[in-house]
Amino acid sequence: MLEKIRATVEKYNMLEKGETVCCALSGGADSVALLLALSELSSELGITVAAVHINHMLRGAESDRDEAFCRGLCERLGVSLTVFRKDAAAFSHSLGVSVETGAREMRYGFFSQLPADRIATAHNLNDNAETVLFRMARGTGLKGLTGIPPVRGKIIRPLLFCTREEIEAFLAERGQDFVTDSTNLSDGYSRNRIRHKIMPEMEAVHGAFPKCAAAMTVSLAEDEDFISREAARQKNADLRELHPAVGKRVIINLLKSHKLKTSAEKVSEILRTAIEAKNAVKVSLDGGYYAVCRKGRVNIVPERKQSERPAEAVIINGEGEYPFFGDKTVIITKETDENVNAEDIINKKLTFRYADYDRILNGVLLRNRLRSDRIKPIGSAHTRELRKLLQEKLPPEEREISAVIADEKGVVWAEHIGFDDRVKISADTKDFLKIEVKQKV
């Protein structure tokens with residue numbers, strides 16, 4: 001088993017010399033084996049091993065027994081132990097979730113407080129197969145079928161390719177005992193029903209089911225990575241031109257960027273609407289947002305209340321962050337030729353990102369667009385009506401909340417359009433103006 005752990009640590013770059021790894025220690029067979037194995041490998045790997053035990057206070061005296069066992073084991077091994085105690089049932093109730101879900105959230109919350117470089121959890125090959133079955137029962141997509149990741153941020157899982165039988169044999173060889181959580185024997189939890197009833201049936205069909213499931217998750221993780229990379233690359237593409245697998249992922253990423261829910265039904269609805277709609281069609285979302293779908297494009301827009309009025313004009317007094325229309329912030333930055341090179345910007349055709357600060361006149365305002373606004377975008381041969389330019393780019397809902405910066409002579413910059421040609425930079429520009437829009441989510 002130690003050889004499997006070495007190979008897993010090396011393959012997934014789990015640990016570096018000099019790092020401290022904290023083992024999540026419940027007192028059960030898997031976590032005890034994890035702590036013993038990493039302790040035995042600590043000199044070879046050049047790491048410091050610590051442990052953390054979380055007393056969920058769910059089983060009365062049994063929970064206290066587990067904590068005492070972990071304290072004794074760590075004392076014997078000379079391993080530093082951190083103990084957290086919190087009522088998982090009360091915590092879960094406060095969140096309105098199951099005890100299983102709440103306890104997991106609580107654990108990872110405590111993990112985030114630890115000063116260790118890495119947190120090692122004792123998920124093994126069988127756990128991975130059980131997780132895949134559990135997610136299948138809930139109708140997961142490709143990402144869910146990739147199972148438990150070997151590495152997720154600071155969390156590492158060195159036992160992920162070890163079977164439960166190998167773990168128990170490892171402990172027996174060392175004469176190491178462990179505690180048993182009585183709730184693991186009950187079928188009152190979904191995962192226990194999978195472990196006690198479905199896993200044996202799957203292994204009856206194919207004895208190597210856990211190993212085969214692990215091989216499947218590794219293969220699917222590669223597919224998932226490819227699709228995710230392609231979706232990131234195609235984030236601004238016409239959804240009508242993308243494969244549905246990529247198009248759905250583009251929409252999922254867009255929803256996540258606004259911290260919105262990503263159910264399969266909603267994602268499919270948005271994709272279908274975006275592909276079919278020739279005119280702007282709204283799809284309601286949670287959190288006071290909706291997706292505006294049209295001609296293969298999707299924009300996430302906050303739902304406006306009837307009582308809302310256009311944003312009042314704000315005087316721009318130099319650099320800073322200026323709130324605009326409730327959910328936007330316009331960021332004004334002034335940079336000098338000491339850190340911005342005009343020639344580089346011109347040669348790389350990045351003039352739309354910067355303006356010549358000194359060409360802007362007095363009375364600079366941040367405001368909504370006016371019907372009379374006109375702008376000559378950089379590189380354009382003609383001055384055009386701003387409203388018509390925005391009509392070509394945005395649905396009505398977004399045009400109404402589009403920000404404009406103007407001075408005494410007219411529009412300097414318009415959101416989604418860029419700077420006016422009269423303030424473009426030149427080789428002689430010394431002070432540069434940069435404008436960014438940050439959307440609150």
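Visitor: Leaving aside its neighbours within four places in sequence, which residues is Val21 in contact with?

Guide: This is a predicted model, in which local features need pLDDT of at least 70 and side-chain atom pairs count only at pLDDT 80 or more, while totals for chains, interfaces and linings use all residues. Residues are numbered from 1 along each chain as its sequence is written, and side-chain values use heavy atoms, with hydrogens and water left out. With contact meaning heavy atoms within 4.5 Å, the partners of Val21 beyond those neighbours are Leu15, Leu38, Ile47, Thr48, Val49, Ala50, Arg118, Ala120 and Ile156.

Visitor: Which residue in the turn between strand 8 and strand 9 has a positive phi?

Guide: Two strands pair if DSSP finds at least two bridges between them, and strand 8 and strand 9 pair in the antiparallel sense over 6 bridges. Arg294 has Arg297, in strand 9, as its bridge partner. The two strands form a hairpin with 2 residues between them, and the turn residue with a positive phi, about 50°, is Lys295.

Visitor: Is His416 buried, exposed or partly exposed?

Guide: His416 is placed in the loop between strand 18 and strand 19, and its phi is near 80°, a positive value in a residue other than glycine. Because its relative accessibility is 36%, His416 counts as partly exposed.

Visitor: What is the volume of the second largest pocket?

Guide: On a 1 Å grid over the protein atoms alone, a pocket is an open set of points where a 1.4 Å probe fits, with protein on both sides within 12 Å along at least five of seven lines, and lining residues have an atom within 4 Å of a point. The second largest pocket is lined by 48 residues, with Asn236, Asn299, Leu394, Glu398 and His416 nearest its centre. Its volume, the space filled by probe spheres set on the points, which are joined across faces, edges and corners, is about 1500 Å³.

Note on methods. Helices (H or I, at least four residues) and strands (E, at least two) are DSSP runs, numbered from the N terminus. Buried means under 20% relative accessible area, exposed over 50%, partly exposed in between (1.4 Å probe, protein chains only).
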